[in-house]
Each structure stands twice: as structure tokens, then as C-alpha cells.
Amino acid sequence: MHIVLQLIPKKYLIGGTLILLGLSGLLIMSTIVAITGEFEKDSQQSEVTEIEGGGIGVGTANVSPEVMKYQPLLEKYAQKHGLDASYVPIMMALMMQESGGRGNDPMQSSESYCGSVGCISSPELSVDKGVLHFKSVLEKAHYDLKLCLQSYNFGGGFINYVMKNGGKYTPELAISFSQLQYQKVKHTGNYHCVRPEMVPYSACYGDALYVNAVLKYYTGTITADGKPAAPASGGSGGKSGVKVIDAGKTLIGKTRYVFGGGRSQSDINAGRFDCSSFVRWAFEQVGVNVGPMSGVTTDTLKTQGQAINPKDMKPGDVVFFDTYKIDGHVGIYVGNNQFLGCQGKTGVAIASMAKGTYFGERFNGRVKRF
């Protein structure tokens with residue numbers, strides 16, 4: 001059987017099976033690099049069906065409680081280092097693979113931070129430096145998420161190797177890189193195959209199947225360009241943004257702020273909303289679903305849509321503020337340094353976010369376009 005069929009689970013091969021069988025004569029190990037380009041299309045077909053390309057869209061981490069407790073820290077340091085919150089679930093999946101959330105270095109950041117294992121003894125420092133390293137690798141990988149993940153395991157040399165061999169991650173390149181690197185270090189006796197199926201191929205440097213190992217803890221879409229998923233119908237900015245503002249304005253003077261309100265039809269009928277339930281309701285009025293009525297929060301809203309530079313925001317974009325917590329308040333930008341939201345003292349109203357005002361001082365720069 002062809003090497004790819006031996007190394008990649010059959011459930012991931014789907015449409016590529018017939019093509020791979022047709023090339024079954026290529027059995028020699030040394031040909032892996034040479035045939036990488038021929039199999040690029042097949043390798044794209046061989047992965048989990050939810051995965052569509054190189055980057056990331058809206059997704060969910062399927063991880064342990066030990067990893068879940070780090071979500072606030074991952075969000076905190078994603079914001080600190082300028083990484084969109086859409087990447088938090090995939091970093092949680094990475095942490096699940098690295099440590100299961102256990103130990104003082106849950107993101108295994110020591111080597112990237114100080115060049116040696118064990119130099120980090122603070123979980124928060126591990127998350128801080130792990131997020132920073134993830135962002136750095138993602139940018140060097142040109143937002144090819146799979147290349148980023150594999151490089152998190154292999155090191156930056158894998159990115160250079162891929163750029164010289166087609167410029168795009170494939171499982172075959174991961175295997176051949178592992179083979180080449182193992183030949184350089186096996187004399188030390190410090191390296192062994194973490195996966196038994198790699199032993200016959202001497203691909204014992206790192207984990208050549210690391211990408212699939214991480215993605216088994218992640219459910220969601222991966223976009224072709226590597227950026228957070230763009231809105232489906234042109235986005236909330238522009239003409240459609242005016243529509244959502246007009247819908248939201250119909251509640252001005254007719255509501256009161258209730259924390260946790262707006263998550264039942266009886267609340268909506270009575271005009272009881274909080275900030276996130278109001279935003280959900282306004283977008284629902286123009287046919288945009290941003291989450292279930294009962295489950296919407298500022299934290300669910302911030303993982304959706306397309307990240308927008310604050311300098312480029314338009315009416316209808318969604319803006320976030322650090323109030324009682326990071327991203328504790330949310331509203332809809334209306335232009336002229338103003339936003340429409342459900343505030344504690346006013347209910348649904350237009351408020352200023354100009355410099356020097358309460359919300360102006362708390363605007364955190366997160367802008368999303370649905």
C-alpha cells in the first residue's frame with residue numbers, strides 16, 4: 001500500500017483513495033519529497049471534512065476542564081499580542097495536545113522562550129509566551145494554519161523547508177522533514193519515535209502527525225486565506241450596517257437593561273435586554289444569525305465575523321469594551337464616535353465612545369464585522 005495510506009487514517013483519505021491506489025508503485029521512501037507536489041491535491045482531500053483550507057474560521061475546542069480554565073488567559077494574551085480571538089479555540093486544542101492543561105508550562109513554551117525545557121514555572125507566563133510564539137509562527141507561515149501547527153512542534157526550520165518545496169503544508173512534507181532531521185540527530189540517542197507507525201520510515205524527529213493530533217480537539221471551519229472567516233453576505237458594514245442600526249433604533253426608549261435579559265421571548269416582549277442579547281436581536285431583524293437566543297454573550301460574539309482595524313470600521317460593525325471584564329460590553333457602531341447599545345442606566349440608546357468619555361476610555365480596539 002502507498003506510504004500515505006499507511007500513515008494517514010483511512011477515514012481521512014475519502015476521495016483521494018483511488019488516486020493513491022493508482023500510484024501504488026511508488027513504494028520507496030526516498031521518493032516522498034519528489035512526489036509531494038503530485039499529491040498536494042490528494043492531501044487536501046485526506047483531512048477531516050470540516051477543514052476546508054489553510055486558516056481558521058469560527059470553531060469550538062473540545063477539550064478537558066483543565067484546559068477550559070485557561071480560556072480567559074488565552075483571550076487576555078491574544079488581545080495583548082494583537083491576535084484575533086478566533087484563534088483561541090485552536091490554541092486550546094493545541095494546549096490539549098501539548099499538556100492536557102496540566103503542569104506549570106501548559107503550552108510547553110519553555111524552548112521558544114528561553115531555548116531550554118523547564119525554564120517556565122508559571123502557567124500564566126507559559127500562556128503569555130505560548131500565544132506570542134503561536135502568533136509569530138502563524139505570521140511566518142503566511143497564515144497557513146496547518147503549517148503553523150506543525151511548526152509549533154517541529155520548530156521554525158519546517159517553515160523554511162516547506163517554502164522551498166511548494167510553499168504549502170502537506171502531510172508528506174511533514175514526514176520527509178522528520179526523516180531528514182532524524183538522520184542528523186539520531187546519533188545522540190536522545191530521539192525516539194513518538195508514534196510506532198513512524199519507526200519503519202525513520203521519521204522520528206518530533207511528531208509528523210501533529211496537525212491531525214491537534215485538530216481532533218477542534219470542531220469548526222478553516223478558511224482558504226488563513227484569516228478569520230469573512231461574513232457570508234457582504235458583512236454588516238455599509239448599506240446592510242445601516243439596516244441593523246435602523247432595526248436597533250426601534251428599541252430606543254422602549255427597553256431597560258437587565259443582566260442576563262433578552263434570552264427568552266418573554267424578556268424580549270417585555271423589553272428586557274443586556275448588551276449582547278440586544279446585539280443578537282438587532283442582527284436577527286436583518287436576517288443575520290449570530291448565535292442562539294439563550295446562549296449569546298460578549299464572549300460568543302467576539303469569536304464570530306471578520307476582525308476589522310478600528311481605523312476602518314463602518315456603521316454596523318460590532319465594537320467591544322473592557323468594563324467589568326475584558327470584552328465586558330458590546331454595541332453596534334453608528335459613526336461619528338458613537339455606538340448603539342443596551343447600557344445599564346439607559347437601556348437601548350446611542351452612547352459616545354469618543355476619547356475622554358466613559359466608553360471611549362474603555363474601547364479595547366476589537367471590531368468585528370458580521
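Predicted model: local features only at pLDDT ≥ 70, side-chain atom pairs only at ≥ 80, totals over all residues.

Residues are numbered from 1 along each chain as its sequence is written, and side-chain values use heavy atoms, with hydrogens and water left out. Local features need pLDDT of at least 70 and side-chain atom pairs 80 or more, while totals for chains, interfaces and linings use all residues.

**Exercise 1.** Find what share of the protein chain is buried.

*Solution.* Start with the cut-off: buried means under 20% relative accessible area, exposed over 50%, and partly exposed in between (1.4 Å probe, protein chains only). Now apply it to the 370 residues: 52% of them are buried.

**Exercise 2.** Work out how the rings of F339 and F359 are arranged.

*Solution.* First, the rule: rings of Phe, Tyr and Trp (its six-membered ring) pair if their centres lie within 6.5 Å; planes under 30 degrees apart are stacked, over 60 edge-to-face, and the rest tilted. Next, the values: the centres are 5.1 Å apart and the planes sit at 80°, so this pair is edge-to-face. Then check the positions: F339 and F359 are 20 residues apart, and the pair links distant parts of the chain. Finally, both F339 and F359 are buried.

**Exercise 3.** Count the aromatic pairs in the structure, then name the residues that ring pairs link into a cluster.

*Solution.* The count first: there are 16 aromatic pairs. As for the cluster, ring pairs join F154, F158, Y161, F177 and Y205.

Terms used. Helix = DSSP H or I, 4+ residues; strand = E, 2+ residues; numbered from the N terminus.
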